[in-house]
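This note sets out some points on the structure shown here. Please read each point with the structure in view.

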Amino acid sequence: MQGMREESAAAGIPAEGGRTTQTPDGLADADVYDVDYSDPDQMLVDREGMPAADVRQITELMSSLGELRDAEERLSEASRRYMRLNDTDMRALHYLIVCAHRGILATPGGIAHHLRISSASTTKLLDRLERGGHIVRAPHPTDRRALAISITPQTHQAAMETVGRQQAKRFYAAARLTAAERDVVIRFLRDMAREIAPGDEAWTRQQPED
């Protein structure tokens, strides 16, 4: 079995789970996340004095995060094909589903805030979803200046039984951990999010060219 896996990797054939272990160029997937290959001169990460075993384990961890990201991208692509919607549309529908489950009236302003898009972009998004039969606009019962946005029963059911069900399987992976292990993962993920969040760096404020 091991020999078959190595043979497949050398040929650039997708391994178990659909991931390619090695490209036709001879670069292994894991090499992309290897800090020694990405940063051989330690311009980005100072590894002086760090045990080689620790560096290897961190590389494996980063590769695992990459596998998760790849799986999420494949699922996102499949959901876009099935629902015939883009990522922003899908995020908007997810917001509406959660609002419905919480008994909250969703509004264009709430959707714009959640998606971090402008009012104009939100209007275009809602127009697109309404034309596709995915949402219904109605007068807000308590705010005359606002609209109440709801997801149609057909789209709600379709999203829950397909994309939602697949996404929910992540819960089982977390449930297989102990409480102490989950605390470590939570701390790690939040710490990493803080580390990579854009700050005051000038390049992060660069505006796209017209």
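1. Leaving out residues up to four places away in sequence, methionine 192 touches Met62 and Leu65, where contact means heavy atoms within 4.5 Å. Methionine 192 lies in helix 9, residues 179–196. With a relative accessible area of 22%, methionine 192 is partly exposed, because buried means under 20% relative accessible area, exposed over 50%, and partly exposed in between (1.4 Å probe, protein chains only).

2. The model is predicted: local features need pLDDT of at least 70, side-chain atom pairs count only at pLDDT 80 or more, and totals for chains, interfaces and linings use all residues. Residues are numbered from 1 along each chain as its sequence is written, and side-chain values use heavy atoms, with hydrogens and water left out.

3. Met62 also belongs to a nonpolar surface patch of about 300 Å², together with Met50, Ile58 and Leu61. In such a patch, residues have over 30% relative accessible area and no salt bridge, and nonpolar side chains (Val, Leu, Ile, Met, Phe, Trp, Tyr) are joined within 5 Å; like charges are joined within 9 Å. A salt bridge is a side-chain nitrogen of Lys or Arg within 4 Å of a carboxyl oxygen of Asp or Glu. Areas follow the Shrake-Rupley method with a 1.4 Å probe, and for residues only the protein chains shown count as cover. Leucine 61, in helix 3 (residues 52–83), is partly exposed at 35% relative accessibility.

4. How many helices and strands does the protein have? There are 9 helices and 2 strands, in the order α-α-α-α-α-α-β-β-α-α-α along the sequence. Helices (H or I, at least four residues) and strands (E, at least two) are DSSP runs, numbered from the N terminus.

5. The largest nonpolar core has 19 residues, and those with the most contacts inside it are Leu93, Leu96, Ile111, Leu129 and Ile135. Such a core is a set of buried Ala, Val, Leu, Ile, Met, Phe, Trp, Tyr and Cys residues joined through side-chain atoms within 4.5 Å. Two or more residues each come from helix 4 (87–102), helix 5 (108–115), helix 6 (119–131), strand 2 (147–151) and helix 7 (153–168). Helix 4 gives the largest share, 6 residues. Beyond its neighbours within four places in sequence, isoleucine 135 has contacts that include Leu93, Leu96, Leu129 and Ile149.

6. Of the 210 residues of the protein, 21% count as buried. The protein exposes about 15800 Å², of which carbon and sulfur atoms supply 54%.
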